[in-house]
Amino acid sequence: MQKFPMIFALVFALFATQANAQILNQEQLEPEAKMLRDFRENEPDEQLNISIPLYGGILKFNLIDDFEPVFQAQDARQFVKEYVPQGETVKDWTKMLTVLAFRNGGLSPRTNREMVELFGSTRQCAGHAFSKFISEENRDHGLSLTIFSSGCGNNMSGAYQDAIDGTGEQNVVFMFRDPAHIQMLQYAVRGEAFLEGDEPLGATEIDAIQTSLAPLSFCVPADSSEDCETSRAAEILRKAQ
């Protein structure tokens with residue numbers, strides 16, 4: 001697990017202690033990756049829209065560039081799935097998309113801003129460490145979207161599993177919180193170390209990332225819009241195959 005060292009370490013530890021956790025590595029996810037490559041080859045001008053069912057809801061986003069799945073784990077309490085550009089790995093990556101979900105996380109008494117402080121905590125950073133609240137938007141059916149960014153300008157070896165000493169990392173997180181659960185899509189970059197003021201993802205880059213991920217949305221069970229009903233029908237058909 002790469003970003004948000006405290007939270008990802010906790011999630012990984014929970015998976016490691018759950019006998020019923022379902023874990024898929026890059027080799028096991030290769031059939032899915034091949035399907036994505038085939039789609040891009042056959043439909044080069046089409047978006048690759050992804051729908052992931054999460055605890056009764058559905059997270060939807062455009063799988064940008066040539067990203068492929070390299071890790072997935074889930075149990076009754078949490079879900080994580082990681083994508084990196086073709087040719088990279090879960091350990092050796094320059095960009096990463098991560099889907100995270102926490103069952104019953106929405107029941108926490110913490111506000112969204114307090115959640116940002118929790119999830120954005122960066123430990124064991126040798127350089128510029130930061131967490132920035134960007135925006136919060138309330139939507140229908142008790143759903144909210146909170147956007148924030150955090151990072152470390154100079155990683156320390158051992159800061160988290162597979163951390164690379166001397167590299168800089170930054171992520172931008174789109175956190176969908178419904179009355180019961182928390183679902184997140186995170187875009188992260190890793191490269192050369194950087195100082196305060198030289199973060200790789202500024203306001204312009206973050207806006208461009210959000211645009212590229214569109215249609216980025218989350219369908220709560222109570223949402224009966226045509227778009228969400230279509231996504232549910234597609235998921236039922238997928239399970240039936």
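In this predicted model, Lys81 is buried, with a relative accessible area of 7%. Its side chain meets that of Glu32 in a salt bridge, at 2.8 Å from N to O. Lys81 belongs to strand β5 and Glu32 to helix α2, so the pair, 49 residues apart, links distant parts of the chain. Glu32 is partly exposed, with a relative accessible area of 23%; the cut-off for buried is under 20%. Side chains of opposite charge can pair when their charged atoms come close.

The strand that carries Lys81 is part of an open sheet of eight strands, with antiparallel pairing and the order β1-β4-β5-β6-β10-β9-β8-β7. Strands β1 (22–24) and β7 (129–138) stand at the edges; each has a single partner strand, so one side of each is left without a neighbour in the sheet. From one strand to the next, the twist averages 15°. Within this sheet, the antiparallel strands β8 (residues 144–152) and β9 (residues 167–177) are joined by nine bridges; Leu145, for instance, has Phe176 in β9 as its bridge partner. Helix α2 (residues 30–42) packs on the sheet, where it touches β4 (67–74) and β5 (78–85), and its direction makes about 150° with that of β4. Helix α4 (residues 203–213) also packs on the sheet, touching β6 (95–102), β7, β8, β9 and β10 (182–192), with a direction at about 55° to that of β9.

Next comes helix α5. This helix (residues 226–240) has 15 residues and reaches 21 Å from its first C-alpha to its last, close to the 21 Å expected. Which residues of α5 are buried? They are Cys228, Ser231, Arg232 and Glu235. These residues cover an arc of only 100° around the axis, which puts them on the same side of α5. Glu226, Leu237 and Ala240, on the other side of α5, are exposed. The buried residues of the helix pack against β2 (49–54), β3 (57–62) and β11 (217–219).

One of the buried residues of α5, Glu235, also takes part in a salt bridge with Arg238, at 2.5 Å from N to O. Both lie in α5, three residues apart, or about one turn of the helix. Glu235 counts as buried at 11% relative accessibility, whereas Arg238 is partly exposed at 48%.

The structure holds 10 salt bridges. Among them is the pair of Arg139 and Glu137, at 3.4 Å from N to O. Arg139 is partly exposed, with a relative accessible area of 32%, and Glu137 is partly exposed at 39%. Finally, Glu30, Arg37 and Glu68 are linked in a network of salt bridges.

Methods. Residues are numbered from 1 along each chain as its sequence is written. This is a predicted model: local features need pLDDT of at least 70, side-chain atom pairs count only at pLDDT 80 or more; totals for chains, interfaces and linings use all residues. Side-chain values use heavy atoms; hydrogens and water are left out. Helices (H or I, at least four residues) and strands (E, at least two) are DSSP runs, numbered from the N terminus. The expected span of a helix is 1.5 Å times one less than its number of residues. Buried means under 20% relative accessible area, exposed over 50%, partly exposed in between (1.4 Å probe, protein chains only). The arc is that of the directions from the helix axis to the C-beta atoms. Contact means heavy atoms within 4.5 Å. Two strands pair if DSSP finds at least two bridges between them. Axes are lines fitted to C-alpha atoms, for helices over the stretch in contact, and angles run from 0 to 180 degrees between N-to-C directions. A salt bridge is a side-chain nitrogen of Lys or Arg within 4 Å of a carboxyl oxygen of Asp or Glu.
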